[in-house]
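Here is a structure to explore by question and answer. Please look it over before reading on.

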Amino acid sequence: IPPGKLFYFSILQAVTRPEMGVRKGADDIKHDLGLSYKLLRFLNSAAFGFRNRIRSIRHAVALLGQAEMRKWISLVAIASLGEGKPPILFETALTRAAFCQHLAPRVGSVSRYEDYFLLGLLSNIDAILSRPMRAALAELPIAGDVKEALLGTPNKLHQVLQAVITYEKADWAKLAFWANKLNVTEDAFPELFLRSVQWCSQIPCGE
């Protein structure tokens, strides 16, 4: 990881650590003007539609709560790690994150929507960091089954991610296979994908 991006990676490490994540990540971002600006841009985007502008990181934590802030701090860290890379990498990660989250209740994991969001968000971190997936994940304290899914272990999270990637590639034969594995009708995928793309389009991905 380039030295200039180690700080962003440390934020991602902090926010994926359950016992101290959000507080540490928020404190780190609070002391970096560029990251604070980027996070507040995300939070004040059309994706949220808050009636009043969020003007500080503390205000965001109080308004959104731990789980939502964990997602958004992870997102801003990934966006910063991806600077200098083709924008499509971050846009793909963001769309997959939303798509996986939308599928969580369909596969009986409504309480783990945060993990499903992170699953999609980290699905191409190997390309973003230019490192093998195993090396990219080695120092991230994410849930064990999320890490296993990203490394190819055939669990439910892996099946969801494969279904998302298969739909993304318009490989309908494989989609039928994964949809059957998940017990989700194929007809559900177009709507969930469209919702994910629309949500992603409301996020200010550029500088």
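This is a predicted model: local features need pLDDT of at least 70, side-chain atom pairs count only at pLDDT 80 or more; totals for chains, interfaces and linings use all residues.

Q: How far apart are the end C-alpha atoms of H10, and what span should its 13 residues have?
A: The expected span of a helix is 1.5 Å times one less than its number of residues. H10 has 13 residues, so it should span 18 Å. The distance between its end C-alpha atoms agrees: 18 Å.

Q: What kind of model is this, and how are residues numbered?
A: Numbering starts from 1 along each chain as its sequence is written, and side-chain values use heavy atoms, without hydrogens and water.

Q: Which element has the highest mean pLDDT?
A: Helix H2 has the lowest, at 70. The highest mean, 97, belongs to helix H10.

Q: How many residues of H10 are buried?
A: Buried means under 20% relative accessible area, exposed over 50%, partly exposed in between (1.4 Å probe, protein chains only). H10 is mostly covered. Its buried residues include Leu157, Val160 and Tyr167.

Q: Is His102 buried or exposed?
A: His102 lies in helix H5. Its relative accessibility is 18%, so His102 counts as buried.

Q: Which side chain makes a polar contact with the side chain of His102?
A: A polar contact pairs N or O atoms within 3.5 Å; within protein, one must be able to donate a hydrogen and the other to accept it, and residues adjacent in sequence count only if both atoms are side-chain atoms. For His102 the distance is 3.4 Å, and the partner is Arg195.

Methods. pLDDT is the predictor's confidence in each residue, from 0 to 100. Helices (H or I, at least four residues) and strands (E, at least two) are DSSP runs, numbered from the N terminus.
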